[in-house]
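Student: I have a new structure to go through. Can you help me read it?
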Amino acid sequence: MNGKMKGILAAVYIILIALLLMTNCRGCNEEQTTEQPQPPYEEPTTPSEEEAEEIARNIGNDGEIKITMLWDFPGDVDLHVAQPNGNELYFQNMTDAATGGRLDVDNRRGGRGSAENIYWTNPMHGQYEVSVVMYRLDPLAWNGGPVTVVVKHNNQTETFRVRLNRLGQNEHVYTFNY
C-alpha cells in the first residue's frame, strides 16, 4: 500500500504541475505578439512637418501650449519641459497645479506611432525649455532613430527633429517664451 500511495501522490503532483503551467501560459502567444515588435525590424520613419503637425493635433489634450513628441522605434523616449516656475514636467512629475501643465500621454514601449504629450490650458508666462531623453533603448532598435517634436505656442506651430541613438542621451530641442 505504501508504494501504491506514492504512485498516486506522484501522479496527482504531475497533474497539478501541468494544470498550473497551462493556467499561467494562457494567452502567452498573444502577449508576445502585442508587446514585442515583430522581426524583421523596420527602419523608423520620419513624418513630414505637415504630417507631424496633423498627427500631433490628434494626440492627447490641447491647450494654449501643446508639446507632442513622436517616434517609431522600440524604446522609451521621454519628453521633458522645464517651466517658468522652475518645475520640470516629465514622467516622474506629470502635473503641476501651479502652472496647469500636464503630461497626459506617456508611451513607455515605443514602436510604430509612439507619442508623448504635455499641454497647458492657461499657462504661466515665461520661458519654457523642451528636451527629449532616451530612457530605455530596445535591443531591436540598437541604433535608435529620429524623434519629431511639435511645439504649439503663441498661435504658431513649429516642428523639430533630433536623432537619439544611445541610452541616457539628453537633447535640448527648443526654448521659447510665452
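Student: What is the mean pLDDT of the protein?
Tutor: This is a predicted model. Its mean pLDDT is 86, and 82% of the residues reach 70 or more.

Student: And where does pLDDT stay under 50?
Tutor: Over residues 26-39, where the model has five contacts beyond four places in sequence. Where pLDDT is low, the predicted coordinates should not be read in detail.

Student: OK, sheets. What is the order of the open sheet of four strands?
Tutor: The order is β3-β2-β7-β10, and the pairing is antiparallel. β3 (88-89) and β10 (170-177) stand at the edges with a single partner strand each, so one side of each has no neighbour in the sheet.

Student: How many bridges join β2 and β7?
Tutor: Eight, with β7 covering residues 127-137. V77 stands opposite M134 of β7.

Student: What about H80, buried or exposed?
Tutor: H80 lies in β2, residues 75-82. H80 counts as buried because its relative accessibility is 10%, and the cut-off for buried is under 20%.

Student: Which side chain does the H80 side chain make a polar contact with?
Tutor: That of E88, at 2.6 Å. Beyond four places in sequence, H80 also touches other residues, including Y90, E129 and V133.

Student: Switching topic: how do β8 and β9 pair?
Tutor: β8 (residues 145-153) and β9 (residues 156-164) are antiparallel, with nine bridges. One of the bridge pairs is T148 with R161 in β9.

Student: And what sits between the strands of that hairpin?
Tutor: Two residues, and N154 takes a positive phi near 50° in this hairpin.

Conventions
Residues are numbered from 1 along each chain as its sequence is written. This is a predicted model: local features need pLDDT of at least 70, side-chain atom pairs count only at pLDDT 80 or more; totals for chains, interfaces and linings use all residues. Side-chain values use heavy atoms; hydrogens and water are left out. Two strands pair if DSSP finds at least two bridges between them. pLDDT is the predictor's confidence in each residue, from 0 to 100. Contact means heavy atoms within 4.5 Å. Buried means under 20% relative accessible area, exposed over 50%, partly exposed in between (1.4 Å probe, protein chains only). A polar contact is a pair of N or O atoms within 3.5 Å; within protein, one must be able to donate a hydrogen and the other to accept it, and residues adjacent in sequence count only if both atoms are side-chain atoms.
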